[in-house]
Each structure stands twice: as structure tokens, then as C-alpha cells.
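Subject: Model for your review

Hello,

I am passing on the structure we talked about. Please look it over; my notes follow below it.

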Amino acid sequence: MDKETSTLALVLVTILAVFVAVQPLIPSNAEQFSELGILGPTKTLGGYPTNLTAGQVFMLYGYVGNHEGVVSYYKVFVKLGNQNTVVSNSTYANVPILSTHSLVLDNNQSSTFPIGLSVGQTGTNLKLIFELWRLDTTTSQFGYTGLGNYLLINVTSK
Amino acid sequence: LLAGLALAALLIITVTLVSVPASTAISESDVVSSDTAIQSAFVLTFRAERSGGNVTSLVAALNSALQLVEKAQAENSTNPAQASSDLHAAQQLAQNVTTESAGVSAAGSSFKEFVFMRSVVSAAAILFAAVFALVFGGRVFRWFWVRVYRGYVVRPANG
């Protein structure tokens, strides 16, 4: 092996060695996101109730996944709005909260949990809104993640 | 005698009433207090994870505490004594998480330090091996070659 080749080999090995040294210290560059899903009474994407009577108790399931790269504290707010209530990924719906479900998830962990509900208000095309909020540890305040969904329901009196 | 018996009975009733605490329903402030305790415990769990600690058990305890708070709120109107007990248990769990998070955080920091040192030592070893091979590689190779082939006799092919 001549001098140039030896030097080149040493440089390559040096680069490899430095890469090995810093590898465990480089933070993961994966995309960070949360997931929110609303499942029907059979824990599937379907069978959602559409026609209900006021006060009727029904069951849904919520699904939350954490891929934020850190342990996260979530709250799922279930709200009741009317057909004019806007559900967007920028602002939360400013309507009454029916119920709240809190959970803490480790990174890359998900959870499916039951949501027992009943709606007292009657109306057509009411929006049953589900919003995912996450605790900001720097401000110690929950903030809307922008993940929201809704079901349209008709509620009649008994 | 009758007056004495009546007085004794009155005393027994009074002591009984005083010693058995009345079960009161949990208030909104009790729930807020539990939520705050859980939130504080979560922040410490978050920091422990950032330090490299394994927070799986802390996450499980926090979820148990949250479920107890939800259960307490649901049963408050029907079974206030149980609701109060559940809320107390939730606060106790949050307190346990707060206490344990310091140890988890310290263990995480130590492990992170160990991983860093292992990486540095590994890199140094690779570098040392590379420099050694560059400087002494030829000499070492020839030394081994002579050791392996020292018993061989070299003869011309046509001899």
C-alpha cells in the first residue's frame, strides 16, 4: 500500500469513528405527530349512531397515538355543537363540553378507550365533536393539537 | 340513677357521632387539586424521560391516577365515600410518581453518560487500531509471515 492510499484509508476510518461516536447523541429526525381516531361501538370504523333519543346512553371508542418523540399528556374533549359549528384544524370549537378523557402516552404508544355518552339536547344534524389537546410542558397549558373530528347525529325527544 | 344512665347514653351517642366522619361528596376544587398534582407529576416524568430514563412504570401510574379521577367524578353522586377514596388514591399515585421520577431521571442521566463514554471509547479504539495498522501493519505482517513459514525450505521450481 502506498503512502497516499494509507492516508486515505486512515481518513475514512477517522470519519467512521467520529460517526460512531456521535451516533447515539443525534436526536431522532423522524416526523413528530399525534393521532386521533373515533371508533364505533364495535371498535371499528363504522356503525356510528346517527339517530338517538335525548338522554340515551351510547358507547363509542377513542383512539389516540403518540409519535411526538416524547411522552405526552393528552385530553380528548367531546363537545356538542350544531350544524353551524366549525370544526377546523386551526381553532377549537367554542361549544359546551360533554365529557373529557385524559391519558398519558409514552412515545410510539397508542391507546383505545371507551367513551360513554348521552346527549340531552334535541336537534337535527348536531355535531358531536372530538378534539385532541396536548399539554405543553413549557407553559403547563393544554393546547389544541389541530386534530378534531365530528359525527352528525339527530336527537329526538323521548 | 336514671339521670346517670341517660347521661352515659348521651355520651356514647356523642362519641359515636364524633368518631365516625360523615362521607362528603368531592368538590370541584378537589378534582382540580388532583388534576394539578397529576400534571406536576407528568412534567417531572417528561423531564425524567428527557434525561434518558425509562418512564414506562411512571406512565402506567399516571394513567391509573387519571382513571381514578374520572371514576371518582362519575360515582360522586351515587357513592361519595368511594369517590373521595378514589380521589385520595389518585393523589397518592401522583405523589408516588413525583417521588420516583427523581430516581428515574438520575438513572437515565447515568445511562446516557455511559452510552456517550462507550461511543467515545469505541471511536478511540477504532482510531488507535487504524493508526497502529498504518504505522506498524507491514512490520507485524512480516513478523507473522516469518513465524508461519519459518520451517519451510525454499527450493527452485526446477531443482
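Lys79(A) and Glu131(A) form a salt bridge, with their closest N and O atoms 2.7 Å apart (a salt bridge being a side-chain nitrogen of Lys or Arg within 4 Å of a carboxyl oxygen of Asp or Glu). Lys79(A) sits in strand E4 (residues 72-81) of chain A and Glu131(A) in strand E7 (residues 123-136) of chain A, so the pair ties together parts 52 residues apart in sequence. Helices (H or I, at least four residues) and strands (E, at least two) are DSSP runs, numbered from the N terminus. The whole structure has 3 salt bridges over all chains, and the count between chain A and chain B is 0.

This is a predicted model, in which local features need pLDDT of at least 70 and side-chain atom pairs count only at pLDDT 80 or more, while totals for chains, interfaces and linings use all residues. Residues are numbered from 1 along each chain as its sequence is written, chains are lettered from A and ligands numbered from 1 in the order in which they are written, and side-chain values use heavy atoms, with hydrogens and water left out.

On the interface: chain A contributes 26 residues to the contact and chain B 25, contact meaning heavy atoms within 4.5 Å. The two chains bury about 2200 Å² between them, 72% of it on carbon and sulfur atoms (buried area is the accessible area, 1.4 Å probe, that two parts lose on being put together, summed over both). In chain A, the residues that lose the most area to chain B are Val71(A), Val104(A) and Thr137(A), together 25% of what that side buries.

Now the helices of chain B. H3 (residues 56-75) of chain B packs against H4 (residues 80-149) of chain B at an angle of about 165°, with the axes 8 Å apart. Axes are lines fitted to C-alpha atoms, for helices over the stretch in contact, and angles run from 0 to 180 degrees between N-to-C directions. H3(B) and H4(B) are therefore roughly antiparallel (angles over 145 degrees count as roughly antiparallel, under 35 as roughly parallel, 65 to 115 as roughly perpendicular and the rest as oblique). The contact of H3(B) with H4(B) has 15 nonpolar, 3 polar and 4 charged residues; Ala, Val, Leu, Ile, Met, Phe, Trp, Tyr, Cys and Pro count as nonpolar, Asp, Glu, Lys and Arg as charged, and the others, Gly among them, as polar.

H2 (residues 28-50) of chain B and H4(B) pack at about 10°, again with axes 8 Å apart, and are therefore roughly parallel. This contact has 10 nonpolar, 7 polar and 4 charged residues.

The axes of H2(B) and H3(B) come within 11 Å and cross at roughly 170°, which makes H2(B) roughly antiparallel to H3(B). Their contact has 9 nonpolar, 3 polar and 1 charged residues.

Regards
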